[in-house]
Amino acid sequence: QVQLVESGGGLVQAGGSLRLSCAASGSIFKINVMGWYRQAPGKERELVAIINSGGNTNYADSAKGRFTISRDNAKNTVYLQMNSLKPEDTAVYYCNLDVLNLVFKRAVYWGKGTLVTVSS
């Protein structure tokens with residue numbers, strides 16, 4: 001089994017910054033793709049950014065130039081640095097990990113979510 005612990009959400013004024021973290025532990029051999037998604041009130045969950053095991057990244061248009069995804073493979077942790085935050089970034093942010101476990105079975109895990117609120 002794999003456990004995910006997210007942290008770093010909170011309340012910030014427009015233009016401010018936050019850094020989200022998602023640490024995984026448990027039966028992990030390798031984590032392939034690590035990503036962040038978000039869900040705003042009344043909207044569907046959407047991709048924010050992903051990073052693969054080679055460090056290649058992909059961002060939603062709304063995140064390009066403001067957000068940076070990174071990972072620390074030694075700590076099984078993915079980060080999302082969010083700068084120049086806007087009120088429309090307000091959402092619950094979820095990490096998503098594509099994990100190969102110790103018996104080489106692949107599974108996708110979601111974090112419980114961390115709330116980011118950006119005030120105008």
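Mentor: The model is predicted, with local features requiring pLDDT of at least 70 and side-chain atom pairs counted only at pLDDT 80 or more, whereas totals for chains, interfaces and linings use all residues. Residues are numbered from 1 along each chain as its sequence is written, and side-chain values use heavy atoms, with hydrogens and water left out.

Arg-66 itself sits in the loop between strand S6 (57–59) and strand S7 (67–72). Strands are DSSP runs of E with at least two residues, and helices are runs of H or I with at least four, numbered from the N terminus. Arg-66 counts as buried because its relative accessibility is 11%; buried means under 20% relative accessible area, exposed means over 50%, and partly exposed lies in between (1.4 Å probe, protein chains only). Contact means heavy atoms within 4.5 Å. Leaving aside neighbours within four places in sequence, Arg-66 is in contact with Gln-81, Met-82, Asn-83, Ser-84, Leu-85, Lys-86 and Asp-89.

Among these partners, Gln-81 and Met-82 fall within strand S8 (residues 77–82), which leads from the site to the sheet. Two strands pair if DSSP finds at least two bridges between them. Four strands form an open sheet in the order S1-S3-S8-S7, with antiparallel pairing. Strand S1 (2–7) and S7 stand at the edges with a single partner strand each, so one side of each has no neighbour in the sheet. From one strand to the next, the twist averages 15°; such angles run from 0 to 180 degrees between N-to-C directions, and the axes are lines fitted to C-alpha atoms, for helices over the stretch in contact.

Within this sheet, S3 and S8 pair in the antiparallel sense over six bridges, and Ala-23 has Thr-77 as its bridge partner in S8. On the side of S1, six bridges join that strand to S3, and the two run antiparallel. There, Glu-6 stands opposite Cys-22 in S3.

The structure holds one disulfide, which joins Cys-22 to Cys-95 with an S to S distance of 2.1 Å. It links distant parts of the chain, since Cys-22 belongs to strand S3 (residues 18–26) and Cys-95 to strand S9 (residues 91–100), 73 residues apart. The torsion about its S-S bond is about 45°, so the disulfide is right-handed. Cys-22 counts as buried because its relative accessibility is 0%, and Cys-95 is likewise buried at 0%.

Rings of Phe, Tyr and Trp (its six-membered ring) pair if their centres lie within 6.5 Å, with planes under 30 degrees apart counted as stacked, over 60 as edge-to-face and the rest as tilted. The count comes to three aromatic pairs. Phe-29 is partly exposed at 49% relative accessible area, while Phe-104 is exposed at 55%. The rings of Tyr-94 and Trp-110 have their centres 6.5 Å apart and their planes at 85°, so that pair is edge-to-face. Because Tyr-94 lies in strand S9 and Trp-110 in strand S10, the pair ties together parts that are 16 residues apart in sequence. Tyr-94 is buried at 13% relative accessibility, and Trp-110 is partly exposed at 40%. Ring pairs link Tyr-37, Tyr-94 and Trp-110 into a cluster.

Terms used: A disulfide is a pair of cysteine sulfur atoms within 2.5 Å.
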